[in-house]
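This briefing goes through a structure topic by topic. The sequence and the coordinates come first, followed by the notes.

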2 protein chains.
Amino acid sequence: MDKDKIDKKDHILDVAERVFSDLGFDGASTRMISGEAGVNMAMLNYYFGSKEGLFLAVFERKISSFQTLLQNIGNDESISSWDKLEKCIDNYVDRMIVNNCFQKLINREMSMGKRWDLTDKITEILMINVMELKKIFEEGIKNGSFRKDIDPELMIATIFGTKNYIINAPHIASLMLGHDIRDEKFLEEKFKPRFKTYMKQLLKSYLMNDNDYNK
Amino acid sequence: MDKDKIDKKDHILDVAERVFSDLGFDGASTRMISGEAGVNMAMLNYYFGSKEGLFLAVFERKISSFQTLLQNIGNDESISSWDKLEKCIDNYVDRMIVNNCFQKLINREMSMGKRWDLTDKITEILMINVMELKKIFEEGIKNGSFRKDIDPELMIATIFGTKNYIINAPHIASLMLGHDIRDEKFLEEKFKPRFKTYMKQLLKSYLMNDNDYNK
DNA sequence: CCAAACCAATCAATCGTTTGATTAGTTTTG
DNA sequence: CAAAACTAATCAAACGATTGATTGGTTTGG
């Protein structure tokens, strides 16, 4: 059946995504992936052409979910610049499932000097999110919501960097916070709300000099 | 001569550090490293025992320079909490030489599943810096310099995360900033001062609700 | 029956590592 | 002092293991 084939390919991609993000592209072997997925090794090449093709397929499956991330918040005229920013933060934090190893995958491969044809594509996608935020900042400056002398580019680095730090260094983050960050319950009930609150307060105080942190 | 031997080992370590951080541990081959270093392949095992031993040696050479990073700023009673924090920021930013690939190395291997007994050692070292900052924050809260309701742990994530983001994603950062972040001149003359200013303003507004950003 | 799906066996290439020989410099010995 | 013994450094070559990829044939489903 066609359904089964898709399910099987999807299962392989699931396993590949996990193994790649645990061991990196070079560290993961096709035998390991096929073994854990319970399929013959030749199937990987049969379905995806090559190891690189498999890696690429892992990405392309996720790309769509990434692109929906930027749901044109910036173009909504009805809400203020700050509310847009708050919406973005909520969005990013909600999607910040540490177990989702895809983020680690991206960050690791982006930090490599090694050049994929993929690197440009990843860069391009990430830049869309960057530009989305930048637009909000610039709009906020223009309409007087935000201070004039802020540094939008570095703010973006702060937003993404803080999130990545938690994801990429879970050992450190767990030690810092006193709880295992990979614990789903803790993450969902305790950490995410705390992280949202913090991020909003941090940005608000920098952007607006507003002392009223209505909690 | 003994001096020559040390120089040679150091040269191998220099090359290994660069290659490892460009290609990752798995991506880098001993042949490549020995080739670029201009030494026979067997010398790597002769000097360092194994590829893993070489990787370990790269780390241990840097560890000392890392440990001097925390020069007991926190224990200086004569300066205010905020000044301590400013000093820390200056310190970190000054050492943030993007060309120094060691940071990338650490971040990449830390994001991997625990492959090394070394992971614990790296964690330990990084935690010292974390604790140093934490101490400053807590002291500042206690003596009234900082607001009571700040989130010290996530602030630390912001400080390190923002820095790491620039280092780990130089492509993105360069596109964002409109200049190649790896350009030494731009980095030193333009970026570092800008980054320091931004970081201090960001922290100050969050920590102290101080609107006087005396620029 | 035929094409698609699947698999065991195998490919050449590359991996990290080891080997045995050679060199050069130092120490020991007669 | 000079010959002999020893040591560390270096090298080309080869090792077994593993890599990603491919083959040729078998099974399966429509």
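Helices here are DSSP runs of type H or I with at least four residues, numbered from the N terminus. By that rule, Asn107(B) belongs to helix H6 of chain B, which covers residues 102-111. The model is a predicted one.

**Chain A overall**

- Chain A contains 10 helices and zero strands.
- In sequence order, the pattern of chain A reads α-α-α-α-α-α-α-α-α-α.
- Chain A has 215 residues, and 53% of them count as buried.
- Glu86(A) sits in helix H5 of chain A, residues 81-94.
- The relative accessible area of Glu86(A) is 24%, so this residue counts as partly exposed, given that buried means under 20% and exposed over 50%.
- The C-alpha atoms of Glu86(A) and Lys204(A) are 9.5 Å apart in space, while the two residues are 118 residues apart in sequence.

**Relation of the two copies**

- Chain B superposes on chain A by a rotation of 180° with a shift of 0.1 Å along the axis, at an RMSD of 0.2 Å.
- This is the relation of a two-fold axis.
- Gly161(B) has the C-alpha nearest the axis in chain B, at 2.2 Å from it.
- The copies meet through the same surface, because 96% of the interface residues of chain B are also interface residues in chain A.

- Is Asn107(B) buried or exposed? Asn107(B) counts as buried because its relative accessibility is 17%, and the limit for buried is under 20%.
- Leaving out residues up to four places away in sequence, Asn107(B) touches Asn164(B) and Asn168(B).
- How many of the 10 residues of H6(B) are buried? The count is 10 of the 10, so H6(B) is largely enclosed by the rest of the structure.
- The buried residues of H6(B) include Lys104(B), Arg108(B) and Glu109(B), as well as Phe102(B), Leu105(B), Ile106(B) and Met110(B).
- Ile167(B) is part of helix H8 of chain B, residues 152-168.
- With a relative accessible area of 2%, Ile167(B) is buried.
- Ile167(B) touches Met96(B), Gln103(B) and Lys104(B), again not counting residues up to four places away in sequence. Gln103(B) and Lys104(B) are among the buried residues of H6(B).
- Ile167(B) and Asn107(B) are 60 residues apart along the chain, and their C-alpha atoms are separated by 9.8 Å.

**Aromatic rings**

- Over all chains, a search of the whole structure finds 24 aromatic pairs.
- One of these pairs is Phe191(B) with Phe195(B), which is stacked at 5.4 Å centre to centre with 15° between the planes.
- The pair counts as stacked because planes under 30 degrees apart fall in that class.
- Both Phe191(B) and Phe195(B) lie in helix H10 of chain B, residues 184-208, where they are four residues apart, about one turn of the helix.
- Phe191(B) is buried at 1% relative accessibility, and Phe195(B) is buried at 2%.
- In chain A, ring pairs join Phe20(A), Phe25(A), Phe55(A), Phe59(A) and Phe102(A) into a cluster.

**Charges over rings**

- Phe25(A), a member of that cluster, has Lys51(A) over its face at 4.5 Å from the ring centre.
- Arg147(A) lies over the face of Tyr206(A), at 5.2 Å from the ring centre.

**Cysteines**

- How many disulfides does the structure hold over all chains? The number is zero.
- Cys88(A) is buried, with a relative accessible area of 4%.
- Cys88(B) is buried, with a relative accessible area of 4%.

Definitions and conventions: Residues numbered from 1 in each chain as written. Chains lettered and ligands numbered in written order. Predicted model: local features only at pLDDT ≥ 70, side-chain atom pairs only at ≥ 80, totals over all residues. Heavy atoms only, no water. Helix = DSSP H or I, 4+ residues; strand = E, 2+ residues; numbered from the N terminus. Buried < 20%, exposed > 50% of the residue type's maximum accessible area, 1.4 Å probe, protein only. Contact = heavy atoms within 4.5 Å. Phe/Tyr/Trp six-rings, centres within 6.5 Å; stacked < 30°, edge-to-face > 60°. Lys NZ or Arg CZ within 6 Å of the ring centre and 35° of its normal. Disulfide = S-S within 2.5 Å. Least-squares fit on C-alpha atoms with pLDDT ≥ 70 in both.
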